[in-house]
Amino acid sequence: MDKKTVNGYSIAYESQGQGETVVLLHGFCGSSAYWEKVQPLLADQYQVIAPDLRGHGASDAPLGAYTIEQMADDVAELLDKLGISKYTLLGHSLGGYVALSLAERYASRLRGFGLIHSTGYPDNEEAKEKRLQAVTSIRTEGITKFVDGIVPGLFAPDSVEKLTSELDRVKEIGYRTPPQGAEGAALAMRERPDRREVMEKSSLPLLLVAGESDQVVPLTKLFTTEGPQVTKAVIKGAGHMSMYEAPEQLTAVITDFLRSVSDQSQEA
């Protein structure tokens with residue numbers, strides 16, 4: 001992994017391949033390692049950059065609450081420092097919230113963007129309370145027990161039984177999340193605004209990927225936007241973690257979208 005100092009903090013990232021750039025943003029208590037099955041497949045045709053978001057993986061984890069905007073600014077400045085002015089941005093879960101913030105404020109830098117098991121909706125009151133409970137749990141019981149508690153619910157019920165090594169791998173990645181980073185990111189998600197309008201008003205190509213059996217973000221919370229620029233895909237049998245449950249299928253969906261983005265860029 002490489003690192004750059006961004007907004008005063010060290011941000012780690014994994015870069016593979018050459019060509020047009022696609023940026024992959026991971027979910028909560030994940031890291032760039034979430035893309036370890038997808039990134040090499042895409043890197044045959046593209047330059048694929050997967051950062052560790054602020055508070056996660058090998059990136060710095062400052063104390064206190066974060067904002068989604070701060071996390072998005074980290075990504076934007078990282079790409080500036082890498083000399084990359086145009087890219088397609090795809091975010092999983094928390095990474096999708098970050099991608100929406102970038103699409104709202106840095107649209108001119110994007111060729112297209114997408115949400116993978118994510119949503120434009122904000123947290124409702126029940127979800128906001130659960131964020132606070134998560135912070136309390138991490139502080140009192142530690143990151144390992146917290147991760148053990150949340151990871152099985154990220155997979156489709158059938159996947160929990162069949163994909164035990166993948167489930168264990170996602171836990172292993174989660175254990176490496178600095179506790180203060182998990183707390184800061186949980187509070188960032190709690191305060192994020194409603195960004196469905198960003199998707200509705202954007203003229204950029206937009207990819208929406210849902211898991212057929214996602215218990216965290218059901219299809220109805222993701223498929224909120226219609227239009228000729230919108231591509232929707234459902235990963236059959238997957239829950240919230242298609243990058244582990246069905247990596248080849250997810251990669252095929254992403255590749256088709258990236259080709260369409262390239263075609264539209266050339267026509268423009």
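The model is a predicted one, so to speak of local features takes a pLDDT of at least 70, side-chain atom pairs count only at pLDDT 80 or more, and totals for chains, interfaces and linings use all residues. Residues are numbered from 1 along each chain as its sequence is written, and side-chain values use heavy atoms, with hydrogens and water left out.

H4 itself covers residues 125-141; helices here are DSSP runs of H or I with at least four residues, numbered from the N terminus. Its 17 residues should span 24 Å at 1.5 Å a residue, and the end C-alpha atoms do sit 24 Å apart, in agreement. That expected span is 1.5 Å times one less than the number of residues. At the start of the helix, Asn124 puts a side-chain oxygen within 3.2 Å of the backbone nitrogen of Glu126.

On the inside of H4 are the buried residues Arg131, Ala134, Val135, Ser137 and Ile138 (buried is under 20% relative accessible area, exposed over 50%, with a 1.4 Å probe and protein chains only). They take up an arc of only 160° around the axis, which puts them on the same side of H4; the arc is taken from the directions from the helix axis to the C-beta atoms. The face turned away from that buried side carries exposed Glu125, Glu126, Arg139 and Thr140. Cover for the buried residues includes helices H3 (94-105), H5 (143-150) and H8 (179-190).

Over in helix H2 (residues 68-81) is Asp74, which counts as buried because its relative accessibility is 3%. Neighbours within four places in sequence aside, Asp74 is in contact (heavy atoms within 4.5 Å) with Val6, Asn7, Ile11 and Arg54.

Key:
Helices (H or I, at least four residues) and strands (E, at least two) are DSSP runs, numbered from the N terminus. A polar contact is a pair of N or O atoms within 3.5 Å; within protein, one must be able to donate a hydrogen and the other to accept it, and residues adjacent in sequence count only if both atoms are side-chain atoms.
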